[in-house]
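Please look through the structure below.

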Amino acid sequence: MPTEKTRQAPALGPELSAQRPAPAPALTLLASLLGFALIMLDASVVNVALPSMGTDLGGGMSGLQWVVDAYTIAFAALLLSTGALSDRIGATRAYTLGIALFTLASAACGLAPNLPSLIGFRVVQGVAAAIVLPTTLALVRQAYTDPAQRGRAVSLWAAGGTTAAALGPVVGGALTTAWDWRAIFFINLPLGLFALALTFRLPRSPRRPAPLDLPGQLTAVLTLAALAFAVIEKGPVALTALGVAVAGLAAFLRIESRHPHPVVPLGLFRNRTAAVAVAAGSALSLAFYGMIFVFSIYFQQVRGQSALTAGLMFLPMTGLLVVVNILSGRLANRYGPRLPMLTGQLVSVGGLLLLLFVGPDTSLVLTAVLLVPLALGAGLALPPLTAAMMETVPTERAGVAAGVLNAARQVSGGLGVAAFGALVAGGFGTGLRTSLLISAALLALTALATTRLPRGVARQAAPAEVGRPRADAAPEPSRTPA
């Protein structure tokens, strides 16, 4: 027979349980912001350290391009599926896995004995970053149930990523000058360990069934890797890689047209607003990241400046991104997304044409100032084009649309580094001017396409295959880093 004490015991459980405080949403926001900032910092911190890596490890221009693109291509290609992976295993578990893998890969990069091993570890970093990015936003959405609070939290999340990306060149330059290029990877270790420590305080995320398109994902990785090889390498290797890329693209399109849950719904591009948003975002990323790579080489190898000086030269252009993002959002709210999208692209075109006058004797301060319009234009155009794309697809497909847009931007940035690096390797002055004209021409074309959009982009009926619900749908914030 149970005693009185035994009968009362169950009543104490809920009381004690109520006294145990749940983790504050701010703690989840801190973990998410730190994870997002970590991968955005790593995406931009490497550029100014590339000449130092080349001196230490060798490999020439193509090797330096692979240090950037190994990360970018893996990151971009896997972004298409990692949202579904996050749903299947739970956002908290996926975040922990991604941060742990990213931290270990960072340590391996810092200890890399040669260029091939560094490039291999950069691939692992890119895979980890692709896991982390969608989970950070999923955790924020899970922690904040009130729409107004969630909106403010997402704005802080986006601002943290933008700030990290803006500070990347300066941090990279300072660490490389004060210590060594390996420091840019070792700095991730305390940040990654702190982020991991926070995960033990976060609530466990539920698991949800989410379809995976493994054939589509594999052919996307194959196609993008082969395309990067075709652009970076030379001779028979490049021709073979180009053939593989073409065959891979054909297979990818066939798979996506038949798969019930494609990683890239092809019907999405029959929507004019979505198609223009992806094209404009891709052109802006190609110009922005491609020019950061080229001018990192310019400041150090052409002008003979230190990595720290090179990083400081980028501070005016990257430091204004957060402010311009906020201004862009206000302009879009008042006038609709088309005006800031169009204005931003035209400002970027003007900035690229001004950079044609940069030569080996141009004042460093003047060069830094001439880089500003490119960043201003990108910061002005990217938030409204992201918002326009999110508004033009059904809510249940917002996560897929955001994944496609972000993947396209990352791929374009990587291809910009590959293509412009190959051009400047054949002669810096001519290669720089050709790269600037290519970027300006592409942005002029996307600006022309933007003029065909309605003044106020309202929600439009999307094709049926775009409207199919998917478990990993999660809206992306309107303010995203350039």
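G344 is found in helix α15; helices here are DSSP runs of H or I with at least four residues, strands are runs of E with at least two, and both are numbered from the N terminus. This is a predicted model, in which local features need pLDDT of at least 70 and side-chain atom pairs count only at pLDDT 80 or more, while totals for chains, interfaces and linings use all residues. Residues are numbered from 1 along each chain as its sequence is written, and side-chain values use heavy atoms, with hydrogens and water left out.

G344 counts as buried because its relative accessibility is 0%; buried means under 20% relative accessible area, exposed over 50%, and partly exposed in between, with a 1.4 Å probe and protein chains only. Leaving aside residues up to four places away in sequence, G344 touches G377, L380 and A381, where contact means heavy atoms within 4.5 Å. A381 lies 37 residues from G344 along the chain, yet their C-alpha atoms are separated by 4.6 Å.

Helix α15 (residues 338–354) also packs with helix α12 (residues 272–302), at an angle of about 30° and with the axes 12 Å apart. Axes are lines fitted to C-alpha atoms, for helices over the stretch in contact, and angles run from 0 to 180 degrees between N-to-C directions. α12 and α15 are therefore roughly parallel to each other; angles under 35 degrees count as roughly parallel, over 145 as roughly antiparallel, 65 to 115 as roughly perpendicular and the rest as oblique. On the α12 side the contact is made by V276, A280, L284, A287 and M291, and on the α15 side by M341, Q345, S348 and L352. Seven of these residues are nonpolar, two are polar and none is charged; Ala, Val, Leu, Ile, Met, Phe, Trp, Tyr, Cys and Pro count as nonpolar, Asp, Glu, Lys and Arg as charged, and the others, Gly among them, as polar.

A second pair is helix α4 (residues 60–89) and helix α5 (residues 91–110), which pack at an angle of about 150° with their axes 9 Å apart. α4 and α5 are therefore roughly antiparallel to each other. Y71, S86 and I89 of α4 meet A91, R93, A94 and F102 of α5.

Confidence is given by pLDDT, the predictor's confidence in each residue, from 0 to 100. The protein chain has a mean pLDDT of 82, and 88% of its residues reach 70 or more.
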